[in-house]
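Work through these exercises with the model open beside you. Try each task before you read its solution.

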Amino acid sequence: MSRYTPYKIAPYIYRLDAQGPMRVPALIFADEELMAQMEDDVFRQLSNVATLPGIVMGAMAMPDAHLGYGFPIGGVGAFDPRKGGVVSAGGVGFDIACGVRTILTGITEEKVAAQKKLLADLLYQNIPAGMGTKKGLKISDKEMDRMLSQGALWAVSKGFGEKSDLEKAEEGGTASGADPQAVSSRARQRLDREVGTLGSGNHYLEVQAVREIYDPEAAEAFGLRKGDAVISIHCGSRGLGHQVATEYIRLMVDESASQKIHLPDRDLACAPILSSTGQSYLGAMRAAINCALANRQILTHLARETFSGVFPDARMPLLYDVCHNTCREEKHSLNGRNTTLFVHRKGATRAFGPGQQDLPPAYRGVGQPVLVGGSMGTSSYILAGTSEGMRSSLGSACHGAGRVMSRKQAIKKYPGRQVIDRLQKMNIEIRGHSFKGLAEEAPETYKEVDRVVDVSHNSGLARRVARLKPLICIKG
Amino acid sequence: MKDTYWKHLEHKADIGIQGVGPSPELAFAQAGIALMAVVCDPDSIERKTTRTVKCRGSDLEMLFYDFINELIYLISGEGFVYSHLEVQLDDHGLKAEIYGEPLESTRHSPAVEVKGASFSGLKVFPDHGGLFKAQCIVDV
């Protein structure tokens with residue numbers, strides 16, 4: 001028998017009442033099948049998150065939630081600094097600000113299909129990816145400081161992309177409050193010649209076709225047309241973010257002990273937001289967000305150059321850029337009061353509803369674009385934030401499909417060569433840097449993204465706008 | 001029966017590393033190879049140069065956690081890959097000599113980057129047969 005007994009409080013919303021040291025309940029957005037896949041792992045981790053000081057509303061799991069470290073992946077937790085709220089480096093995770101951006105092309109799927117092989121080869125050649133390639137930019141320490149302070153703005157000032165791109169990213173492409181001095185020399189070293197690289201694992205660049213429009217009004221605002229091709233890039237802050245996370249998790253283990261914060265799991269190591277460790281981590285984490293934003297901005301530029309080399313009449317504005325692993329200072333209405341909260345989203349996307357000031361003017365009427373990446377070979381989706389989601393999940397939604405099978409099992413079951421053949425049969429041009437890497441990312445190792453998106457839509461977290469089908473996939 | 005070896009452990013999203021040996025030192029060294037094998041085939045790595053890794057502390061599990069993170073930095077930060085480790089433990093901490101060479105992507109064909117060690121599944125313990133096991137899950 002399960003120790004945890006979440007019960008349904010509304011269609012697609014389950015609740016696990018606060019018990020023992022839990023300060024708030026756990027809230028899970030799922031249907032019955034997704035609940036079964038989450039098993040006790042996710043519920044245990046949510047009840048641990050619910051014990052942390054200053055947590056408000058509930059420890060939440062998005063529909064794609066699965067076992068993580070400390071927080072589940074797909075976990076959301078908001079903390080009130082005035083109530084002793086904490087920030088947790090483990091709660092943000094290793095790949096700080098890993099995220100997705102989508103670029104429109106104005107070129108039809110038909111035209112892309114006719115040049116698919118050539119385009120795939122060129123993208124594979126021009127987008128630095130894979131582990132240890134060291135094919136990215138080498139930048140001086142002074143430039144690194146600028147990048148860590150300014151994010152995508154720095155990249156645009158260096159000629160990577162256009163000023164108009166900045167209006168289409170969270171916080172205008174720059175995470176404010178970044179403190180480059182809080183980023184160690186080791187973290188900087190881990191980024192050596194990796195600026196502007198895709199990385200490995202589940203990171204990718206895809207050329208996709210808009211196959212379905214569900215919400216014509218929002219699709220029009222986002223510039224999405226059925227039958228058009230778009231480009232989506234999934235990557236993060238590279239080794240710099242991993243090292244920032246590693247160092248601050250270690251520091252916070254000691255800090256939690258000295259602050260007498262009981263940790264049910266050391267991966268939840270945290271520090272009060274208003275402590276010097278908490279502030280230092282926030283400064284370093286925001287610098288890592290800027291690193292990720294700059295990285296995606298440079299890759300955007302490389303993708304545009306390559307794509308317009310094949311299609312000179314392409315018009316390629318940025319649709320939007322979302323981050324998955326962050327802790328953001330946001331204002332939310334809580335029990336009727338406007339409250340400043342620090343919202344951890346680990347493997348979850350911010351999904352602000354219509355009318356929010358932080359949204360680009362063009363999207364303010366329809367809500368924030370929520371870019372949901374599928375697994376390799378499956379559909380991706382574009383959703384829009386809702387007013388309902390602002391209340392029920394503090395403006396958060398799913399980020400992808402969510403893993404269901406271990407990497408070890410995947411390698412045994414799906415040899416990389418076979419994965420390539422199968423995707424080619426589905427008319428997807430795939431280019432990868434490692435057979436083993438491809439095997440680990442076989443589509444079957446993930447939950448069904450369509451179901452995750454259905455539940456996000458039906459539970460009101462974010463509404464479906466468009467479905468994208470991959471044409472070309474470049475894997476790290 | 002072989003008493004010094006490494007293996008990978010199942011984990012839903014990532015991968016576990018485990019080193020086994022007659023002493024904690026040998027178990028730590030084997031776990032280091034298990035970590036390397038997540039990235040690439042240790043047999044493809046030649047012992048051309050050495051690096052030294054030091055960690056301070058007295059808690060064996062925390063030392064193991066710090067040790068694995070040091071190795072991850074060596075691989076990802078310095079681009080150094082290895083195929084042999086000699087680990088010494090005393091009351092003050094750990095010192096390890098790491099034998100390997102600079103990473104060459106064509107020759108070593110690395111598959112994935114390891115981001116960091118987690119506390120999940122972190123354990124250093126003697127099993128019933130008296131062999132030491134050192135293990136944790138790493139995020140990839």
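This is a predicted model: local features need pLDDT of at least 70, side-chain atom pairs count only at pLDDT 80 or more; totals for chains, interfaces and linings use all residues.

**Exercise 1. Find the span and the burial of helix α11 of chain A.**

Solution. 
- Start with the limits. Helix α11(A) runs over residues 276–310 and has 35 residues.
- Next, take the span. From first C-alpha to last, α11(A) reaches 51 Å, close to the 51 Å expected at 1.5 Å a residue.
- Then check burial. In α11(A), 26 of the 35 residues are buried, and the helix is mostly covered.

**Exercise 2. Describe how α4(A) packs on α11(A).**

Solution. 
- Two packed helices are described by the angle between their axes and the distance between the axes.
- Here the angle is about 150°, and the axes of α4(A) and α11(A) are 10 Å apart.
- Angles over 145 degrees count as roughly antiparallel, so α4(A) is roughly antiparallel to α11(A).
- The crossing of α4(A) past α11(A) is right-handed.
- Now list the residues. From α4(A) come Leu118(A), Leu119(A), Leu122(A), Leu123(A) and Asn126(A). They meet Leu302(A), Ala303(A), Thr306(A), Gly309(A) and Val310(A) of α11(A).
- Sort the residues of this contact by class: seven are nonpolar, three polar and none charged.

**Exercise 3. Work out what chain B brings to its contact with chain A.**

Solution. 
- Count both sides. Chain B has 27 residues in contact with 35 residues of chain A.
- Find the main contributor on chain B. Helix α2(B), residues 60–76, gives the largest share of that side, three residues.
- Sort the side of chain B by class: 10 nonpolar, 11 polar and six charged residues.
- Look at α2(B) itself. It has 17 residues and reaches 24 Å from its first C-alpha to its last, close to the 24 Å expected at 1.5 Å a residue.
- Of the 17 residues of α2(B), 14 are buried, so the helix is largely enclosed by the rest of the structure.

**Exercise 4. Describe the packing of α1(B) with α2(B).**

Solution. 
- Take the geometry. Helix α1(B), residues 24–39, packs with α2(B) at about 35°, with axes 11 Å apart.
- Read the handedness: α1(B) passes α2(B) in a right-handed crossing.
- Name the residues. α1(B) supplies Pro24(B), Phe28(B), Ala31(B), Gly32(B), Leu35(B) and Val39(B). α2(B) supplies Leu60(B), Phe64(B), Phe67(B), Ile68(B), Leu71(B) and Ile75(B).
- Sort the residues of this contact: 11 nonpolar, one polar and no charged.

**Exercise 5. Examine the positive phi values of Met57(A) and Lys260(A).**

Solution. 
- Recall the background. Most residues other than glycine have a negative phi.
- Take Met57(A). Its phi is positive, about 65°, although it is not a glycine. It sits in strand β4 (residues 55–66) of chain A. With 20 C-beta neighbours inside 10 Å, Met57(A) counts as buried.
- Take Lys260(A). Its phi is positive too, near 55°. Lys260(A) is in the loop between α10 (238–258) and β10 (270–272) of chain A. With 6 other C-beta atoms within 10 Å, Lys260(A) is exposed.

Note on methods: Residues are numbered from 1 along each chain as its sequence is written. Chains are lettered from A and ligands numbered from 1 in the order in which they are written. Helices (H or I, at least four residues) and strands (E, at least two) are DSSP runs, numbered from the N terminus. The expected span of a helix is 1.5 Å times one less than its number of residues. A residue is buried if 20 or more other C-beta atoms lie within 10 Å of its own, exposed if 12 or fewer, and partly exposed in between; C-beta atoms are placed from the backbone. Two residues are in contact if their C-beta atoms, placed from the backbone, lie within 7 Å. Ala, Val, Leu, Ile, Met, Phe, Trp, Tyr, Cys and Pro count as nonpolar, Asp, Glu, Lys and Arg as charged, and the others, Gly among them, as polar. Axes are lines fitted to C-alpha atoms, for helices over the stretch in contact, and angles run from 0 to 180 degrees between N-to-C directions. Angles under 35 degrees count as roughly parallel, over 145 as roughly antiparallel, 65 to 115 as roughly perpendicular and the rest as oblique. A crossing is left-handed if the near helix is turned anticlockwise from the far one by less than a right angle, and right-handed if clockwise.
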